[in-house]
Amino acid sequence: MGLKDLYPQKDDPEKNELDERDLQITRWIKEMPDLEPPSRLLSSVMEALQPKGSPRWRRAYLWAQTPKTVRLTPLKLAPVAAVLFVAILVSSLLFLRQKEAPYLQSSQERLIPVVFSLNLSRAQSVSVVGNFNAWKPQGYEMQLDRESKRWTLTVSLPDGRYEYMFLVDGQKMILDPEALIHQADGFGNQNSVLVLRRKNGETT
Amino acid sequence: MNSLDDQEIIDAVLCGNKDVYSVLVQRYQKPIFNLMYRVTRSYDDALDLAQDTFIKAYENLDHFKKGARFFPWLFTIGLNHVRNYKRRDRVSVRLFSRDCDEEKLGLGNPSQQEEQMCNQLDSRSLDQALQHLPTDYREAVILHYREGLSMEDIAIALRLSTSGAKMRVHRGIKKLREIIFGDQHGTKGFVSAEG
């Protein structure tokens, strides 16, 4: 393999600018004989070289930069595909589970049933919203008890301190008149406060 | 192993495989040795300088830019090395080969010069004419028309812009023409205008 094979010359754009005499010179240059280098050149160079101590990072870098060919057969691929399938399935299930109970993340925690109750029979609908449901009423609609004429909803919550309010007719937010504690929400309004703490099996 | 491209060989050398460097030496020893010979006109000096060039290239292989062309890079090392050698040791360039000095050719006398050379312009007289060119012009012309390098690769080898490389090649040919055939102002060259 010669230099001309390794470095193919493009069409010479200047060829058109050269007259016959110039072209004759270029032909002479092309045909000019080369001296053969002495055979000892190669051996003397190779003897003089010191082995290169290639650091690991360089070897790793070169390895990472070099394209690799990976050969796969369906049989080799099957275990990888199975592992991937299981991993995707498990993560999907976990994701769905989290989505279903976003506010009650620890199923291991013991939940305390809490009955929210509001005496407001003239209302068309009442929901309870609080920091335990991200202040979203969906799924937390209260039911009107015909006999007592009270709106009620039972929610199971773990120990903790919760702020909440009632959303009446989907528009008006009111405090729980029966709550023992109210607290400013930082925006000029107040929230009702519920503190749940299990002590010796009793809820306080 | 000879089918490996330059970059693959360099990667292997950098990973500690010293022996594979011999492929690069074999591949490029001829143009590098001839470069040294053109400048020094000494077989022994050319051998030493070519050897040094390959050793220097090996030692600096860590700095070779991945994906670049190896030969222009190697040529730059060789050209710098031989220039330093000339400067350091004040080696006077012997313009003519040992068996063909200026007196024998009669180049000191224009009439003799024409008489003796007009009948034959062979590779030897071209070689002599090339010696009258400044190194950069000569090497640009040889790299392009003999070694077949593109202008981009010549630019890298001679550390010029691509347009600078084109200019060197073009002017190199024009200067050779002046030396060989005489210029447009009537100066006599190695051969008569009819040659």
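The model scores ipTM 0.73 and pTM 0.52. Chain B holds ten helices and zero strands.

**A:Leu144 and its surroundings**
- A:Leu144 sits in strand S3 (residues 143-145) of chain A.
- Leaving aside residues up to four places away in sequence, A:Leu144 touches A:Lys149, A:Arg150 and A:Trp151.
- A:Ser117 is 27 residues from A:Leu144 along the chain, and 9.5 Å separates their C-alpha atoms.

**Confidence in chain A**
- The average pLDDT of chain A is 82, and 82% of the residues score at least 70.
- Within chain A, strand S2 (residues 126-130) has the highest confidence, at a mean of 94.
- Strand S10 (residues 202-203) of chain A has the lowest, at a mean of 50.

**Confidence in chain B**
- Chain B has a mean pLDDT of 80, with 73% of its residues at 70 or more.
- Confidence in chain B is highest in helix H3 (residues 43-59), at a mean of 95.
- Helix H5 (residues 102-105) of chain B has the lowest, at a mean of 41.
- Over residues 91-120 of chain B, pLDDT stays under 50.
- For that stretch of chain B, residues 91-120, the model has 51 contacts beyond four places in sequence.
- Where pLDDT is low, predicted coordinates should not be read in detail.

**Overall build of chain B**
- From the N terminus on, the elements of chain B run α-α-α-α-α-α-α-α-α-α.
- Chain B has 195 residues, and 56% of them are buried.
- Among contacts in chain B with a separation of 6 or more, 58% join residues 24 or more positions apart.
- The accessible surface of chain B is about 8900 Å². Carbon and sulfur atoms account for 44% of this surface.

**Helix H1 of chain B**
- Helix H1 (residues 6-14) of chain B is largely enclosed by the rest of the structure, because seven of its nine residues are buried.
- The buried residues of H1(B) are B:Asp6, B:Gln7, B:Ile9, B:Ile10, B:Asp11, B:Val13 and B:Leu14.
- At the start of H1(B), a side-chain oxygen of B:Asp5 comes within 3.1 Å of the backbone nitrogen of B:Gln7.
- Just after H1(B), B:Gly16 has a positive phi of about 110°.

**B:Arg27, a partner of B:Asp6**
- B:Arg27 is part of helix H2 (residues 21-40) of chain B.
- B:Arg27 counts as buried because its relative accessibility is 11%, and the cut-off is under 20%.
- The side chains of B:Arg27 and B:Asp6 are joined by a polar contact of 2.6 Å.
- B:Asp6 is itself one of the buried residues in H1(B).

**Helices H8 and H9 of chain B**
- Two packed helices are described by the angle and the distance between their axes.
- The axes of helix H8 (residues 135-145) and helix H9 (residues 151-158) of chain B come within 10 Å. They cross at roughly 145°.
- The crossing of H8(B) and H9(B) is right-handed.
- On the H8(B) side, B:Asp136, B:Glu139, B:Ala140, B:Leu143 and B:His144 take part. They meet B:Met151, B:Ile154, B:Ala157 and B:Leu158 in H9(B).

**Where chain B covers chain A**
- Helix H3 (residues 40-48) of chain A has A:Leu41, A:Leu42, A:Ser44, A:Val45 and A:Met46 buried.
- The cover over the buried residues of H3(A) includes H2 and H3 of chain B.

Methods:
Residues numbered from 1 in each chain as written. Chains lettered and ligands numbered in written order. Heavy atoms only, no water. pLDDT = per-residue confidence, 0-100. Helix = DSSP H or I, 4+ residues; strand = E, 2+ residues; numbered from the N terminus. Contact = heavy atoms within 4.5 Å. Buried < 20%, exposed > 50% of the residue type's maximum accessible area, 1.4 Å probe, protein only. Polar contact = N/O pair within 3.5 Å; in protein donor to acceptor, adjacent residues only side chain to side chain. Areas by Shrake-Rupley, 256 points an atom, 1.4 Å probe, with all protein chains shown as cover. Axes fitted to C-alpha atoms, helices over the stretch in contact; angles between N-to-C directions. Left-handed = near helix turned anticlockwise from the far one by under 90°.
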